[in-house]
Amino acid sequence: MSHLSFKVVLAGDAGVGKTNAVYHAFSGENKEGPYTPTIGACVHPLTYDFPDTLVTLNVWDTAGNPAFACLPDGYYLEADGVIIVASDPNLYQDRTDRICQGALVMVVSPGELNDETFVEMARSLLERGK
Ligand SMILES: Nc1nc2c(ncn2[C@@H]2O[C@H](COP(=O)(O)OP(=O)(O)OP(=O)(O)O)[C@@H](O)[C@H]2O)c(=O)[nH]1
Ligand SMILES: [Mg+2]
């Protein structure tokens, strides 16, 4: 059994449900309590068991509120994948093109980010890494 790890940046607008989705993917449960904006970024490992290979996504859940994301470019360094959840993905796409040109990019509409998004990213990175 081999084990691959990838850095995935989760980027997008404030309040679109990025942190809630990571919490659900990690625990299988909905996050309770009030909305708490992410400050900077929180890294969460999500591990998926594919045939012969464990894939860990180290998900960098970034702040959507610009007031809490004063160094956003640095978060994208060395990213293998970027998930963009935004009404206008261009801002995040431009940054991806500038900082981590080779990253695999998935654009998701607000409200459509779910467990399957992360599984699909893990599968795609695994396929690409072979
Ligand atoms: N009470 C309140 N709820 C909000 C606000 N903005 C978003 N929400 C709700 O909070 C939930 C999403 O929260 P998160 O998953 O933490 O959102 P996020 O994308 O991680 O947001 P950031 O960390 O700020 O980028 C959704 O259910 C929203 O409806 C707000 O300003 N006030
Ligand atoms: Mg958040």
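Biologist: In this predicted model, which residues does Leu 126 touch, not counting residues up to four places away in sequence?
Modeller: Leu 126 is found in helix α4. Leu 126 and Val 55 are 71 residues apart in sequence, yet 7.2 Å apart in space, C-alpha to C-alpha. With residues up to four places away in sequence set aside, the residues touched by Leu 126 are Leu 4, Phe 50, Thr 53 and Val 55.

Biologist: Is Leu 126 buried, partly exposed or exposed?
Modeller: A buried residue needs 20 or more other C-beta atoms within 10 Å, and an exposed one has 12 or fewer. Leu 126 has 18 other C-beta atoms within 10 Å, so Leu 126 is partly exposed.

Biologist: Which strands does helix α4 touch, and what angle does its direction make with that of β3?
Modeller: Helix α4 spans residues 115-129 and packs on the sheet. The strands it touches are β1, β2, β3, β4 and β5. The direction of α4 and that of β3 (53-62) make an angle of about 125 degrees.

Biologist: In what order do the strands of the open sheet lie?
Modeller: The sheet has five strands, and its pairing is mixed. Its edge strands, each pairing on one side only, are β2 (41-50) and β5 (104-108). Direction ignored, neighbouring strands are turned by 20 degrees against each other on average. The order is β2-β3-β1-β4-β5.

Biologist: How many bridges join β1 to β3?
Modeller: Strands β1 and β3 run parallel. Within this pair, Phe 6 stands opposite Leu 57 in β3. The bridges joining β1 to β3 number nine.

Biologist: Which residue in β4 is the bridge partner of Ala 11?
Modeller: Strand β1 (residues 2-12) pairs with β4 (residues 81-85) in the parallel sense over five bridges. Val 9 stands opposite Val 82 in β4, and Leu 10 has Ile 83 as its bridge partner. For Ala 11, the bridge partner in β4 is Ile 84.

Biologist: Why is β4 described as largely enclosed by the rest of the structure?
Modeller: In a regular strand, the side chains alternate between the two faces of the sheet. In β4, Gly 81, Ile 83 and Val 85 are buried on one side, and Val 82 and Ile 84 are buried on the other. Strand β4 is largely enclosed because the number of its five residues that are buried is five.

Biologist: Within what arc do the buried residues of α1 fall, seen down its axis?
Modeller: In helix α1 (residues 18-27), the buried residues are Lys 18, Thr 19, Ala 21, Val 22 and Ala 25. They line one face of the helix, because they fall within an arc of 160 degrees.

Biologist: What covers the buried residues of α1?
Modeller: The buried residues in question are Lys 18, Thr 19, Ala 21, Val 22 and Ala 25. Their cover includes β1, β2, β3, β4 and α4.

Biologist: Which residues are closest to ligand 1?
Modeller: The surroundings of ligand 1 comprise 14 residues. By class, this shell has six nonpolar, seven polar and one charged residues. The closest are Gly 15, Thr 19, Tyr 35, Thr 38 and Gly 64.

Biologist: Is Gly 64 buried or exposed?
Modeller: Gly 64 lies in the loop between β3 and α2 (72-75). Leaving aside neighbours within four places in sequence, its contacts are Gly 12, Asp 13, Ala 14, Gly 15, Val 16 and Lys 18. With 21 other C-beta atoms within 10 Å, Gly 64 is buried.

Biologist: What is the phi of Asp 52?
Modeller: Most residues other than glycine have a negative phi. Asp 52 is found in the loop between β2 and β3, and is exposed, with 8 other C-beta atoms within 10 Å. Its phi is positive, with a value near 75 degrees.

Biologist: What is the phi of Glu 78?
Modeller: Glu 78 is found in the loop between α2 and β4. Glu 78 is exposed, with 10 other C-beta atoms within 10 Å. Glu 78, a residue other than glycine, has a positive phi near 65 degrees.

How values were computed: Residues are numbered from 1 along each chain as its sequence is written. Chains are lettered from A and ligands numbered from 1 in the order in which they are written. This is a predicted model: local features need pLDDT of at least 70, side-chain atom pairs count only at pLDDT 80 or more; totals for chains, interfaces and linings use all residues. Two strands pair if DSSP finds at least two bridges between them. Helices (H or I, at least four residues) and strands (E, at least two) are DSSP runs, numbered from the N terminus. Axes are lines fitted to C-alpha atoms, for helices over the stretch in contact, and angles run from 0 to 180 degrees between N-to-C directions. Two residues are in contact if their C-beta atoms, placed from the backbone, lie within 7 Å. A residue is near a molecule or strand if its C-beta atom, placed from the backbone, lies within 6 Å of it. Ala, Val, Leu, Ile, Met, Phe, Trp, Tyr, Cys and Pro count as nonpolar, Asp, Glu, Lys and Arg as charged, and the others, Gly among them, as polar. The arc is that of the directions from the helix axis to the C-beta atoms.
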